[in-house]
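Here is a short briefing for a first look. Please keep the sequence and the 3D view side by side.

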Amino acid sequence: MKNEANEAGTLEAVEKSTFVRFSHNILEWFSSLSLLFMMLLTFADVIGRYFWNAPIFGATEVLQFLLIGMIFSGMGLVVLYDKHISVDIFSPAIGRRFPRLHAIYTDIFTFVGLGIVGVQLFRIGINDLERNVTTIVLELPRAAIILPVSIFCLLAALLQLWIIINTAVKKVAAP
Amino acid sequence: MTVALLGFLAVILLAFSGVRIGIASLLVGLSGVIYYRGVKSGFALLGQQIVDDAMNYNFTVIPLFILMGVFIYHSQISDDLFNAAHSAFSRLKGGLAHSTVVACAGFSAVCGSSLATAATMTKIALPAMQRYKYSNGLAAGTIAAGGTLGIIIPPSVPLVIYGIVAEQDIGKLFIAGIIPGLLLVLSFMATIALIVRWKPDYAPSQGKDESVAVAGSAKGILPVLFLFILVLGGIYGSIFTPTEAAGIGAFGAALIALSRGYLRSVKDWRAPLSEAVMSTASIFMVIFGTLVFAQFINLSGLPYELVGVVERMDLSPTGLVICIALIGIAMGMVFDAIGILLLLVPVFLPVLIDADVNLIWFGIIVVLVSELGLITPPVGMNVFVVKATAPDLDLTEVFRGVIPFVFSILVVLTALIFVPAVVTVFIE
């Protein structure tokens with residue numbers, strides 16, 4: 001169950017902060033279009049193969065790129081709308097007793113987790129760039145996929161940090 | 001084994017304290033891998049594992065099926081499904097409750113989300129049942145239990161995740177889920193029949209309801225029925241892979257929504273796409289976390305020690321599956337379906353392979369166990385969704401209302417454990 005007060009507070013803050021609003025719009029457009037394109041590409045590939053015996057070359061690989069792009073651009077939205085999956089057995093009671101402290105406590109773990117993943121993805125991207133790693137079918141530079149994805153993940157971590165700071169100074173409603 | 005058990009304890013404590021489950025398992029998993037392999041290898045393994053998972057073609061089926069469900073949800077087809085079911089079952093005692101179960105099954109078959117099914121049906125079926133003075137417990141219990149059908153009736157995201165983790169054919173898993181899904185529908189209807197026979201005042205006779213537009217409703221659900229048959233028939237007939245079927249399903253669902261007057265502007269597309277993106281990203285965070293955690297558990301040697309323990313206990317495959325199901329039921333009281341699957345399956349997979357257990361059959365059993373977790377206290381998510389959608393209901397009353405359905409699921413679970421042919425009949 002999501003905390004509506006926190007979600008409402010965060011969204012209100014989205015409206016107020018230019019940085020968050022800009023990030024939100026970029027992430028929403030990119031992730032939504034990636035998903036829409038995944039659907040259209042899969043459909044077109046199947047139709048092409050069955051009706052014209054002409055599947056789209058490299059469709060499987062493009063779907064893989066779209067998947068990773070959509071997941072990590074969507075991660076920032078998950079942070080902003082607090083849509084992470086969590087076990088709400090004791091935390092609502094703790095949250096009621098110590099609202100801001102509890103929100104900051106849980107958000108710090110998310111920030112650290114996303115930060116570590118973002119840095120590791122960035123390292124892999126740099127490594128791919130240095131070694132000139134290409135994808136198997138389309139032979140595209142893999143770094144061109146991994147590096148933007150790592151930026152999306154780091155942006156999600158940054159948005160989480162922004163929420164932590166704003167919760168601490170009471171700009172975002174705590175649970 | 002001690003380190004692995006400490007790892008499990010750490011994940012549970014962090015999750016209980018409110019840390020997001022994906023993040024908790026990722027950080028504990030990373031710490032465990034670092035403990036066994038050192039800092040450099042630990043971080044390298046984490047990055048590589050996440051890239052491999054996020055670029056796994058098999059996983060593309062998840063967002064596409066979620067998108068299909070979201071489009072169907074936004075096309076407001078649930079009213080037609082409920083009315084069509086009502087027209088078929090209105091003559092039965094407790095007809096509205098029977099209609100709710102069938103409508104839940106139909107809606108979840110194309111929507112795939114248990115929570116969305118429970119929330120939608122609460123809005124549609126609960127007022128109808130309250131109008132005819134059904135007991136709140138029966139009404140809410142039926143909806144909460146009916147909502148769980150989405151997890152086993154294909155296409156189901158938990159079945160996809162199980163298929164990928166256990167390296168099983170997703171198409172076969174979908175086909176194997178059909179009969180158990182139908183059995184659950186029948187057992188829920190039998191439960192309702194028993195309740196209304198025992199307590200007739202729980203479901204007073206409704207007479208002829210003029211508000212049901214039978215012909216219109218039946219016509220309205222035909223495209224959904226066609227889409228369901230296309231998706232599952234395509235997988236069963238090996239015409240499509242599950243990913244292709246998901247793409248076709250999402251496209252078809254978008255056409256259905258368009259034909260019903262939705263998705264006509266960019267603004268209309270924005271909400272369902274964002275909703276599907278966020279559901280996917282949050283599920284993937286859990287997948288990343290639990291798969292990193294599974295690496296730690298593998299490094300700890302726990303799964304192989306379990307093989308030894310099971311061999312010493314001389315358990316039969318059925319006995320082994322019963323033990324795992326009991327652990328899953330206990331976990332279901334706390335974790336959601338995906339958490340159960342990702343924490344339980346990797347740990348027991350070597351034991352199951354060693355015991356020569358049919359992994360398609362086991363997949364259905366473990367998904368059914370996780371379905372039970374949606375309505376068992378203290379964290380029965382479907383119960384909370386019903387309560388959140390209808391705040392005037394008493395939570396205790398809803399939990400009391402789902403108890404007969406918990407037994408109903410347990411009966412089906414027992415039948416599936418002791419008669420595996422029910423699951424495997426179409427896949428062999």
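This is a predicted model: local features need pLDDT of at least 70, side-chain atom pairs count only at pLDDT 80 or more; totals for chains, interfaces and linings use all residues.

Residues are numbered from 1 along each chain, chains are lettered from A, and side-chain values use heavy atoms, without hydrogens and water.

**Helix pair**
- The axes (lines fitted to C-alpha atoms) of α7(B), residues 114–131, and α8(B), residues 136–147, come within 8 Å and cross at roughly 155°.
- That makes the two helices, α7(B) and α8(B), roughly antiparallel (angles over 145 degrees).
- Residues in contact (heavy atoms within 4.5 Å) include Met121(B) of α7(B) and Ile143(B) of α8(B).

**A buried threonine**
- Thr243(B) lies in helix α12 (residues 242–259) of chain B.
- At 5% relative accessibility, Thr243(B) counts as buried (under 20% relative accessible area, 1.4 Å probe, protein chains only).
- Thr243(B) touches Thr42(A) and, among others, Tyr57(B), not counting residues up to four places away in sequence.

**Aromatic rings**
- There are 17 aromatic pairs over all chains, with ring centres within 6.5 Å.
- Phe71(B) and Trp269(B) have ring centres 5.5 Å apart and planes at 80°, so the pair is edge-to-face (planes over 60 degrees apart).
- Phe71(B) sits in α4(B) and Trp269(B) in α13(B), 198 residues apart in sequence.
- Phe71(B) is buried, at 1% relative accessible area.
- Phe8(B), Tyr35(B), Tyr36(B), Phe293(B) and Phe296(B) form one aromatic cluster.

Technical notes. Axes are lines fitted to C-alpha atoms, for helices over the stretch in contact, and angles run from 0 to 180 degrees between N-to-C directions. Helices (H or I, at least four residues) and strands (E, at least two) are DSSP runs, numbered from the N terminus. Angles under 35 degrees count as roughly parallel, over 145 as roughly antiparallel, 65 to 115 as roughly perpendicular and the rest as oblique. Buried means under 20% relative accessible area, exposed over 50%, partly exposed in between (1.4 Å probe, protein chains only). Rings of Phe, Tyr and Trp (its six-membered ring) pair if their centres lie within 6.5 Å; planes under 30 degrees apart count as stacked, over 60 as edge-to-face and the rest as tilted.
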